[in-house]
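Trainee: Could you help me learn to read this model? I would like to take it one question at a time.

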Amino acid sequence: MAAELIPSKNKLSPSPPASSFSSSPNRNQQQNRTDNNSSPTGRGPHWQGLYPTIRERNSVMFNNEVMADVFFLVGPPGCTQRVPGHKYVLAVGSSVFHAMFYGELAEDQGEIRIPDVEPPSFLAMLKYIYCDEIQLCADTVLATLYAAKKYMVPHLARACVSFLEGSLSARSACVLLSQSCLFEEPELTLRCWEVIDAQAELALRSEGFCDIDARTLESILRRETLNAKELVVFEAALGWAEAECQRRDLDPSAENRRRVLGKAIYLLRLPSMPLDDFANGPAQSGLLTLGETNELFLWFTALNKPELLFCSAPRPGLPAQRCHRFQSCAYRSNQWRYRGRCDSIQFAVDKRVFVAGFGLYGSSCGSAEYGARIELKRQGATVGHNIVKYFSDGSSTTFPVWFEYPVQVEPDTFYTASVVLDGNELSYFGQEGVTEVQSGKVTFQFQCSSDSTNGTGVQGGQIPELVFYA
């Protein structure tokens, strides 16, 4: 599919055919104009012979006034575009157009107003009907999906949904969740929830979160599986309330923000916050009544806790899964040593996952603290990194280190996981590594990485575990 939709008209461009039988220049010019006016391509009256297939001949008529028997005034008042159409072609491509032009209640209208569809999206739909071509871009795909649903063009609608799923990210997930429910696309809804749950803090902090409707806001605040601190959830709800005040032309005062939130405020799990987060955030936001603030402070500090309208149970979040790529581990007196060198391995998955971090080995000589610089790359570009410290207790178990946010990993693409360790020089290392590991419903494939300069490969070495959500 093309990355950008550029609607264009097939304009007439004079190209007079050569003739040796014309004795009058004026008559020849007049004949050329007559021929070109009957040609949608400007190549003479027999243009049909230039295109061997019906698809190519139909494509010539796309957005072309030649032989047009209906016109559409597309777009809201003041921003309309007049688009020519051919009833037969449109009726073949859409049951709605068929009913409109040839059904029992068909009306003979020369112009049809379509104020609820944007012109680029309407043209994208006609492009598919006339040319059998799908051209989508991020800016118009939702509006194109709306047009395809409205006029019952199912193959184009499925292509729009596939485009949205392929470009889904934490930045767009909340808005797409709202739209997927409106368009009744359950698979897209499920994909949105997967992203929002795993990358909750990124999704809640995105600009798109403030654009969702109240029903979608409530569905997100009810979510048990959000991987987010409750303070982040509260701040997101506060930001949404301010945006909603602006949409309603209200002053974004604390009172008005509380009013637009309504009962959704009680979906915030304020009692599950650490006391410091509550005291420095919600308690000073002006969103709570004095009575609610006092009761919540009593909840945090008193033995006899008051009954609250807020849920006190913390959100469980998503359970982290681990892909372990070694069948055993070992240690020897002369390895495994670091000296600022990189241990690296490449992997691919068969379905989208979110890599939250790595499981790493620790010291084989007793307890020790390590510094680790972890990194995840896709085709040489860094998609996640962090600098962390962890404490190992001298056992052969693995110790988790985390990225700041889980990293979305797409299927059928190799990613490079790397770590540079600083600490006790001797550590455990993995051995009897395998190239393919089934972890839950996800299949991981491993291969050696050219970035590895400290001996790690498929058969043995470091980075024994990938920690992920699926």
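Mentor: Two strands pair if DSSP finds at least two bridges between them. Helices (H or I, at least four residues) and strands (E, at least two) are DSSP runs, numbered from the N terminus. This is a predicted model, where local features need pLDDT of at least 70, side-chain atom pairs count only at pLDDT 80 or more, and totals for chains, interfaces and linings use all residues. Residues are numbered from 1 along each chain as its sequence is written, and side-chain values use heavy atoms, leaving out hydrogens and water.

Trainee: What percentage of the 470 residues of the protein chain count as buried?

Mentor: Let's settle the word before the number. Buried means under 20% relative accessible area, exposed over 50%, and partly exposed in between (1.4 Å probe, protein chains only). Across the 470 residues, in a chain with 15 helices and 15 strands, the buried share comes to 47%.

Trainee: Is strand β6 largely enclosed or largely open?

Mentor: Look at both of its sides. Cys 342, Ser 344, Gln 346 and Ala 348 point one way, Asp 343, Ile 345, Phe 347 and Val 349 point the other, and all are buried. With eight of its eight residues buried, β6 (residues 342-349) is therefore largely enclosed.

Trainee: Which residue in β14 stands opposite Ala 348?

Mentor: Strand β6 has antiparallel links to two strands we can follow here: six bridges to β11 (residues 415-422) and five to β14 (residues 442-448). On the β11 side, Gln 346 stands opposite Thr 416. On the β14 side, Ala 348 faces Gln 445.

Trainee: In the open sheet, which strands stand at the edges?

Mentor: Read the order of the four antiparallel strands: β4-β15-β7-β10. The strands at the two ends have a single partner each, so one side of each is left without a neighbour in the sheet; these are β4 (321-324) and β10 (399-409).

Trainee: What is the average twist from one strand to the next?

Mentor: Start with one of the pairs, β7 (residues 353-360) and β10, which run antiparallel and are joined by seven bridges. Within that pair, Gly 357 stands opposite Trp 402. From strand to strand in this sheet, the twist averages 25°.

Trainee: At about what angle to β7 does helix α9 run?

Mentor: Axes are lines fitted to C-alpha atoms, for helices over the stretch in contact (heavy atoms within 4.5 Å). Angles run from 0 to 180 degrees between N-to-C directions. Helix α9 (residues 186-198) lies across β7, β10 and β15 (465-469), and its angle to β7 is about 35°.

Trainee: Is α12 roughly parallel or roughly perpendicular to α13?

Mentor: The axes of α12 and α13 (residues 254-261) come within 9 Å and cross at roughly 100°. Residues that meet between them include Trp 240 in α12 and Val 260 in α13. Angles under 35 degrees count as roughly parallel, over 145 as roughly antiparallel, 65 to 115 as roughly perpendicular and the rest as oblique. That makes the two helices roughly perpendicular.

Trainee: What is the count of disulfides?

Mentor: A disulfide is a pair of cysteine sulfur atoms within 2.5 Å. Take Cys 192, which is buried at 0% relative accessible area: the nearest cysteine sulfur, that of Cys 181, is 8.1 Å away. By this rule, the count is zero.

Trainee: Is Met 152 buried or partly exposed?

Mentor: Met 152 is found in the loop between α6 (141-150) and α7 (154-166), and its phi is near 55°, a positive value in a residue other than glycine. Its relative accessible area is 49%, so Met 152 is partly exposed.

Trainee: What is the relative accessible area of Ile 463?

Mentor: Ile 463 also has a positive phi, near 50°, and lies in the loop between β14 and β15. This residue is buried, and its relative accessible area is 1%.
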